[in-house]
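Have your viewer ready and follow along.

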4 protein chains.
Amino acid sequence: MINFKIDYADGAHPKILEDLLTTNELQTPGYGEDDYCQQAKTAIRSYLGTQSCEIHFLIGGTQTNLTFISHALKPYEAVLSAQTGHIVTNEVGSIESTGHKIIPLPTVDGKITCDTLTSFFKQPRTMHMVTPKLLYLSNPTELGTLYSKQELEELTQLCHAHHLYLYIDGARLGSGLVAPSNTLTLEDYARLTDAFYIGGTKNGALFGEALILTNPLLAENFRLNMKQKGALLAKGRLLGLQFLTLFKDSLYFEIAHLANQRADELRQGLCHLNLPFFVQTQTNQLFPILPNKILTELSKTFTFTLWEPYDETHSVIRLITSYTTSQEDVIHFLHTLANLYKKDALN
Amino acid sequence: MINFKIDYADGAHPKILEDLLTTNELQTPGYGEDDYCQQAKTAIRSYLGTQSCEIHFLIGGTQTNLTFISHALKPYEAVLSAQTGHIVTNEVGSIESTGHKIIPLPTVDGKITCDTLTSFFKQPRTMHMVTPKLLYLSNPTELGTLYSKQELEELTQLCHAHHLYLYIDGARLGSGLVAPSNTLTLEDYARLTDAFYIGGTKNGALFGEALILTNPLLAENFRLNMKQKGALLAKGRLLGLQFLTLFKDSLYFEIAHLANQRADELRQGLCHLNLPFFVQTQTNQLFPILPNKILTELSKTFTFTLWEPYDETHSVIRLITSYTTSQEDVIHFLHTLANLYKKDALN
Amino acid sequence: MINFKIDYADGAHPKILEDLLTTNELQTPGYGEDDYCQQAKTAIRSYLGTQSCEIHFLIGGTQTNLTFISHALKPYEAVLSAQTGHIVTNEVGSIESTGHKIIPLPTVDGKITCDTLTSFFKQPRTMHMVTPKLLYLSNPTELGTLYSKQELEELTQLCHAHHLYLYIDGARLGSGLVAPSNTLTLEDYARLTDAFYIGGTKNGALFGEALILTNPLLAENFRLNMKQKGALLAKGRLLGLQFLTLFKDSLYFEIAHLANQRADELRQGLCHLNLPFFVQTQTNQLFPILPNKILTELSKTFTFTLWEPYDETHSVIRLITSYTTSQEDVIHFLHTLANLYKKDALN
Amino acid sequence: MINFKIDYADGAHPKILEDLLTTNELQTPGYGEDDYCQQAKTAIRSYLGTQSCEIHFLIGGTQTNLTFISHALKPYEAVLSAQTGHIVTNEVGSIESTGHKIIPLPTVDGKITCDTLTSFFKQPRTMHMVTPKLLYLSNPTELGTLYSKQELEELTQLCHAHHLYLYIDGARLGSGLVAPSNTLTLEDYARLTDAFYIGGTKNGALFGEALILTNPLLAENFRLNMKQKGALLAKGRLLGLQFLTLFKDSLYFEIAHLANQRADELRQGLCHLNLPFFVQTQTNQLFPILPNKILTELSKTFTFTLWEPYDETHSVIRLITSYTTSQEDVIHFLHTLANLYKKDALN
């Protein structure tokens, strides 16, 4: 089976394994108090344009989201999220399990607009409602789309006006940062958010997410909440070392670039076949609309995600690429698809 | 100010105070282990057509909802609710504070339809989603509408098919039970739900809701969860006595009937003035649409709830009646409104 | 059966019922926004020597404890409590249900000493331990003993030194305030704590506890947490009115004084019979040590709490008095006990 | 600095890195649905004497404890644990953060005895107490001691009698299994517990704990709770592969044996110096009592844990060995210690 389903189907980027091997015998303190963690933080900070923000390394995205959000909020405070947000749909109620409501907002192409947010705050409020306190965005979104610098700046302003923290889930931040249409740098993220995370798991690491706490009020005692939530890795060095490998040179961006390149080739091929898309993306996720009748045949060779029914006879599928996707895989997929169409036309 | 805002603006029905006075000196055990509680349960059970269900008396609606739902669900299980449901909008995230997600569903006139529920279960599900396990309905709904017997029977069947508990919030059950269009008896509620509560606070009691646990699996150790959630009244006799007073004869229904009667008079008067309604109701809540420009004037004499904007120049308001609303109050309101319209027409 | 088991076996003090009756028909806003609540707060504040603290009325002790403590603490912060504390032993894990650990400390006669607290803070601490942030005391303690002004002042100083909030559970504060040995005024409580509550349920009210938030940092948005925890009574006026009745004159203290007087008579009678006590108290709880063989006979006429085994043949029991305990009840109890001893001596 | 402080100061056993390298490019499904996980489970099951129990791989000990315990318990149920238990002292209140009380029990050498448990259940219980439902043991204990087969069998019987689940934290299970005095096999653990975990992190893995759910009632939907708690690793293969490497041959036991051997050499050397021990152990943790005045000097070359003060002039320290501890390290430590004593004697 050829994988277009997930961007974490491999072990890790060879450079990471290489560095793990080289450093394996060294004895270091536990729980992230080692030198690799320090060096990785320094490497990342050099991209943020500030030395003041606190950085923590956690293991996965759901863990990062729940640990951060439960740390930031008081019991009666709630999260605003796109209704397509990962914390709404795919984390088994992890935020609610820490006691907090998520208020789902409608989206355009997976994005929350300023209009949506403004409308929300115009609704009459009573003293029996939760206090919205944190806006959760994913960038790229769960639909592979990107917020522009202007959009993010405007959302940040709205957040300030309504006393909301702005937190960005960067599970696939790499793919976003190197997308052709991207207008946001890591420096921008640091400047415009209260916190965000740089995803490692879906960008070549064995595992790991780097959480950047740019608002110092949210940094106090954060490690205690990490430990409580089971998010403090005993051999924290493994996280430090991986992020050091990814950020000491520009490996993080190279890996993301490879994923985007394969996605581009796939996108162009699908366009060439005149396939419509559910949503236009420039990152490593594609959402073509396919006739149901070829899906079974296609899934004999390729894995992908059945996203949602489009109409009676068509479905939206999600194709995802990674740095491990080969050009051959892309060609194979497009070729197979073309043949299935042809066969179908002959019938 | 004349109250059309809440149906709990008084102390309690005189009969209740009378019985409190008569029994005041008697010494009883605490925490609901007294005779009045037993007698009240017997009185209520005589309406349920079954002696087997467990009954507990709690203090308020939010408390009853959070205590029951947190008892019924496992950590990864969620609630389905109308997006207009009280637990979604007006309880400061109390259900989430016990760890459980609420999935809001779209409604028609405040009601969840079988179609909505069926559509929800047709959506593709992944192994990273919460398990929907409980359907929360309010009857009457937060918009004053009523589920019919047929609707409830069909929803019950769907719940069984999808392994959902069915729980009904009966904060205003009294008004529903005696509404002209009502087709559901307390016996039906006991037969068709896993649990429901009979609201006392909004029907003449000082406070108190009677939770009926018709599914014995949900009854085990319920008192422990009540105590943990601060829901076990020390002088539980006060709850027992009130429900005994309400249910030993038919006082509960008489109180509700009075509220509905006043609502009827108000409804007819508003119709007579050709006022449109946001939603058609037959219970003690009315949702007329009024021009914004008369609201300020109206609110000098009457309290009511500004429900939501209707259009640029009109708003939906909620008027509510209770057994303490007098015919004079209704006439006064209609008269004032008529005059404001007349004045407006002259301008 | 004659009750020496609980001090909440009656309805309420007749004055309270009288005032409920007089005000019953008045229509007031809900949720504690009525005049009675305001007046009650003013009445209570006149005893506190300060106008600045916020006051909220809740329904019961467990509810007050869990609502306040969950409001005061961050997720990784914990409570220090006497191991005999009510929140440790008798509230079904309510504090833990809101996510917080309680660290139980050893006691002397139900009291935490400065030595105990100092020793606790001398223990080596690691970065994987909860942060102790709140000291929970009960006064009177669960053993009926009292902290003196000097003891409380020293504990307050220690709390300041260790950045602990000091919170006092005053379920039976009335009995403490009027005890012969008492050295603490309500003004002292307000001055020395961050929060405390004045118990109504066990001092003549139908129900109700007045929570005094003396630390303004802990007051912010407290009502939201009350609503979330199901602790905001719809007809809040009932709480306001009761505390107004109790505090507009000195009824609260008179009720407590009556309870203590009966306890004194009982104490003297037991001493006269040469009965040893498990702990010396001056409030309305007594802990005599009785031979097991007379307990069964005694419990045919009187209710009391079997506290704990003392030795193979003796048990500690708890006797409690209230303003409803009559002198006849006390005499009856002492007489019965004397006879049982006599009978036993003859055998 | 030479490490006697932690047994997770390295990367991982070379065999594990080797296997990671070999399999790195293979594309597998995520979240533990890969073949390595299946093979690892089969390998582990061959030691358990049963094919029926469910196995899940989690990342760390705190995470495993909180995910399992929150899955097993209802809201009003509590954990019994040694007061020295890791969940009591060193996990920042993680169990309480999921809503459950831990009742700490006194210990003998870090162990709970049947007498202690029996005494606990003899205490009078009221309806306002949590329900003890799970006994948490660590084996080896946090003091390096071991439960014998007979002790565990008796505890298991008591658990059955009191309707308690028995759960064993096996963070250092390897060291226990190969200790000279050990009488328990993995088969025994599977037979005598409802669940236990085999620790990888402290026995040569990069990270990872294998949770064995021997009670099928506790296995239902466990993955959902894992995902919710952030405990489902995206690249689950990494866990599967490591446990496969550890259990396909007997590497797990060899690694543990090496740690114990170094501990033995250290123990003998310390005995030779006539040093007293705080507790007698046969696993990889040692608790010698040392004069405070040499600790500073000793800590210039070696890391270790200052466990607790012993008396005015002595302290208990914890020394820990792992498979990476060299004989040279042990000799160096003993030699340094001998010299410090000699120097001290000369003064």
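## Backbone angles worth a look

In this predicted model, the loop between helix 7 and strand 6 (165-169) of chain A holds His163(A). Its phi is positive, about 55°, although His163(A) is not a glycine. Because only 12 or fewer C-beta neighbours make a residue exposed, His163(A), with 9 other C-beta atoms within 10 Å, is exposed.

Over in chain C, Asn221(C) sits in the loop between strand 8 (209-213) and helix 10 (222-228). Asn221(C) also has a positive phi, near 60°, and is a residue other than glycine. It has 15 C-beta neighbours inside 10 Å, so Asn221(C) counts as partly exposed.

## Cis peptide bonds

Asn139(A) and Pro140(A) are joined by a cis peptide bond with omega about -5°. Pro140(A) lies in the loop between strand 5 (131-138) and helix 7 (149-161) of chain A.

Chain C has a cis bond from Asn139(C) to Pro140(C), with omega near -5°. Here Pro140(C) is in the loop between strand 5 (131-138) and helix 7 (149-161) of chain C.

## Where chains D and A meet

The contact draws 39 residues from chain D and 40 residues from chain A. On the chain D side, helices 1, 3, 5 and 10 each supply at least two residues, and helix 1 gives the most, with four residues. That side of chain D divides into 17 nonpolar, 16 polar and six charged residues.

## How the copies are related

Key
Residues numbered from 1 in each chain as written. Chains lettered and ligands numbered in written order. Predicted model: local features only at pLDDT ≥ 70, side-chain atom pairs only at ≥ 80, totals over all residues. Contact = placed C-beta atoms within 7 Å. Nonpolar A, V, L, I, M, F, W, Y, C, P; charged D, E, K, R; others polar. Buried ≥ 20, exposed ≤ 12 C-beta atoms within 10 Å, placed from the backbone.
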